[in-house]
Amino acid sequence: MNEGQEIEAQFEELLNFLKTEQMNEFRETFLALHIYEQGQFYQSLEAEDRERVYNYLSPKELADMFDVIEEDNDDMKVYIAEMRPSYAAEMLSEMYTDNAVDLLNMLDKGQMAKYLSLMSAEDASEIKELLHYEDDTAGSIMTTEYVSLVANQTVRSAMYVLKNQADVAETIYYVYVVDQDNRLVGVISLRDLIINDDDTMISEILSERVISVHVGDDQEDVAQTIRDYDFLALPVIDYDDHLLGIVTVDDIIDVIDDEAASDYSGLAGVDVEEVSENPFKAASKRLPWLITLLFLGMSTATLISHYETLVSEASILAVFISLITGTAGNAGTQSLAVAVRRLAVSDEKDNNFKRLIVSEVLTGVVTGAITGLTIFIVVGIWKQNFPLGFVIGMAMLCAITVANLAGSFIPMLMDKLGFDPAVASGPFITTLSDLTSVLIYFNIASIFMSYFT
């Protein structure tokens, strides 16, 4: 039996324990699972079976599991609503603060106020501190469960503090050192505490060069910093260097997933998270883009009709319209994807606007020249008409170059203006490429008309 089959068998056994109300057997088997597996089992249950789970598990045991369930799961609101209010409030109190905030942000204000009122004043205060930070900032994803020390204490004293706070801290691998006003002055690792003598002062072994982020920094910039420095956690400070919390790598993985989904949604012109929605709701989200692009596509049709006389004189030109527009659209989408990715990973100092544009134009010229030469030979041999092949090839060269320019220039311009470059979606670039490709194609054809008719 492989691992997947073994887990499936455990799930069936757990379900049987629930339905036959064998609480002790259920608790023993369930709590022996990895927390991720606990979450997968819980989410596979029907409402009536989940009701039994709430009776069999304490709020703390359920909180540990909820800490690893994806917070963007639409069912989370259902899970919270079906619990007793006091049980749900206690579970939220037991969760890591940043995860509890994510859950509460999914609820309406009335529900949020109800659960906060049922919590202890201390727990509610910690959560309220994070609730007022803007979405997608360091403040909105940080946690306040961390360990901090002061410089004028010994390693022995620091280890005592660490042992007492380790069970509530989200991570203990980095311990941050603050002064009497809670200003961040240094950092020390767990390894440093272990290898140094008990009587060594923290001030002697701390590192004063601390990489930190501001509470208002964009979460994507925070993710970039953690990735660049390979950190497991990053301290979050205010304008006066007061330590407010930390962002841990598990939250950054969620941010990276969200940003990747957002970028892909922009490139595709559709919400990629809609897979679980009903067809009518999914269609309602796709239609605005499609209708907009439909009208933009009408401009291409209008442009073609403008060259109706040219097509009537050389009907062979109509054969290659889709070939040129399709290839140019593909080239533009490639350039768009590269530009968006480059903007996402490049440091600010490397983000040279002119250099990136020139690079993409040259890439377009090279790919366009090779593609154009290929189609020139193919059309020349196929139609026994090399002048026609030359027109198609030249149009291909120019269309691909322009498409590459548009695919890189538009997202970079949007980034300069402060907008998300991924909004310059693939369908938009493709439709724009169709328009410019048709214009280029028929203008070149009109110049060389006498050579191939």
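**Helix packing and sheets in a predicted model**

Colleague: Let us begin with Leu 130. Which helix is it found in?
Modeller: Leu 130 lies in helix H10, which covers residues 121-131. Please note that this is a predicted model.

Colleague: Is Leu 130 buried or exposed?
Modeller: Leu 130 has a relative accessible area of 3%. The cut-off for burial is under 20%, so Leu 130 counts as buried.

Colleague: Which residues is it in contact with, leaving aside neighbours within four places in sequence?
Modeller: Leu 130 is in contact with Thr 97, Asp 98, Val 101, Gly 139, Met 142 and Thr 144.

Colleague: Take Thr 97. How many residues apart in sequence are Thr 97 and Leu 130, and what is the C-alpha to C-alpha separation?
Modeller: They are 33 residues apart in sequence, and their C-alpha atoms are 8.1 Å apart in space.

Colleague: Which residues of H8 and H10 meet?
Modeller: On the H8 side they are Thr 97, Asp 98, Ala 100, Val 101 and Leu 104. On the H10 side they are Glu 126, Ile 127, Leu 130 and Leu 131.

Colleague: And at what angle do the axes of H8 and H10 cross?
Modeller: The axes cross at roughly 65 degrees and come within 9 Å. Angles of 65 to 115 degrees count as roughly perpendicular, and H8 and H10 are therefore described as roughly perpendicular to each other. The crossing of H8 and H10 is right-handed.

Colleague: Now H5 and H7. How do their axes cross?
Modeller: Helix H5 (residues 59-66) and helix H7 (residues 85-94) have axes that come within 8 Å and cross at roughly 55 degrees. H5 and H7 are therefore oblique to each other. Their crossing is right-handed.

Colleague: Which residues meet there?
Modeller: From H5, Pro 59, Lys 60, Leu 62, Ala 63 and Phe 66 meet Tyr 87, Glu 90, Met 91 and Glu 94 of H7.

Colleague: How many residues of H5 are buried?
Modeller: Six of the eight residues of H5 are buried, and the helix is mostly covered. The buried residues are Pro 59, Glu 61, Leu 62, Ala 63, Met 65 and Phe 66.

Colleague: What covers them?
Modeller: The cover includes helix H2 (23-32), helix H3 (35-43), helix H4 (47-56), helix H6 (76-81), H7 and helix H8 (97-104). H8 is also the helix whose axis crosses that of H10 at roughly 65 degrees.

Colleague: On to the sheets. What is the order of strands in the sheet that contains S1?
Modeller: The order is S1-S2-S3, in an open sheet of three strands with mixed pairing. Strand S1 (148-150) and strand S3 (184-189) are the edge strands, and each pairs on one side only. On average, neighbouring strands of this sheet are turned by 35 degrees against each other, with direction ignored.

Colleague: How do S1 and S2 pair?
Modeller: S1 and strand S2 (residues 174-178) pair in the parallel sense, over three bridges. Opposite Leu 149 stands Val 177 in S2.

Colleague: And S2 with S3?
Modeller: S2 and S3 run antiparallel and are joined by five bridges. Tyr 176 has Val 187 in S3 as its bridge partner. The hairpin of S2 and S3 has five residues between the strands, and there Asn 182 takes a positive phi near 65 degrees.

Colleague: What about the sheet with S4?
Modeller: That sheet is open as well, with three strands in the order S4-S5-S6 and mixed pairing. Strand S4 (213-214) and strand S6 (243-248) each have a single partner strand, so one side of each is left without a neighbour in the sheet.

Colleague: How many bridges join S5 to S6?
Modeller: Five bridges join strand S5 (residues 233-237) to S6, and the two run antiparallel. Val 236 has Gly 245 in S6 as its bridge partner.

Colleague: Which helix packs on that sheet?
Modeller: Helix H15 (residues 219-229) packs on the sheet and touches S4, S5 and S6. The direction of H15 makes about 135 degrees with that of S5.

Colleague: Finally, the whole chain. How many helices and strands are there?
Modeller: The protein has 24 helices and six strands. Of its 453 residues, 42% count as buried. The protein exposes about 23800 Å², of which carbon and sulfur atoms supply 56%.

Colleague: And what share of the contacts with a separation of 6 or more joins residues 24 or more positions apart?
Modeller: Residues 24 or more positions apart account for 68% of those contacts.

Key
Residues numbered from 1 in each chain as written. Predicted model: local features only at pLDDT ≥ 70, side-chain atom pairs only at ≥ 80, totals over all residues. Heavy atoms only, no water. Pairing = 2+ DSSP bridges. Helix = DSSP H or I, 4+ residues; strand = E, 2+ residues; numbered from the N terminus. Contact = heavy atoms within 4.5 Å. Axes fitted to C-alpha atoms, helices over the stretch in contact; angles between N-to-C directions. Buried < 20%, exposed > 50% of the residue type's maximum accessible area, 1.4 Å probe, protein only. Areas by Shrake-Rupley, 256 points an atom, 1.4 Å probe, with all protein chains shown as cover. Parallel < 35°, antiparallel > 145°, perpendicular 65-115°, else oblique. Left-handed = near helix turned anticlockwise from the far one by under 90°.
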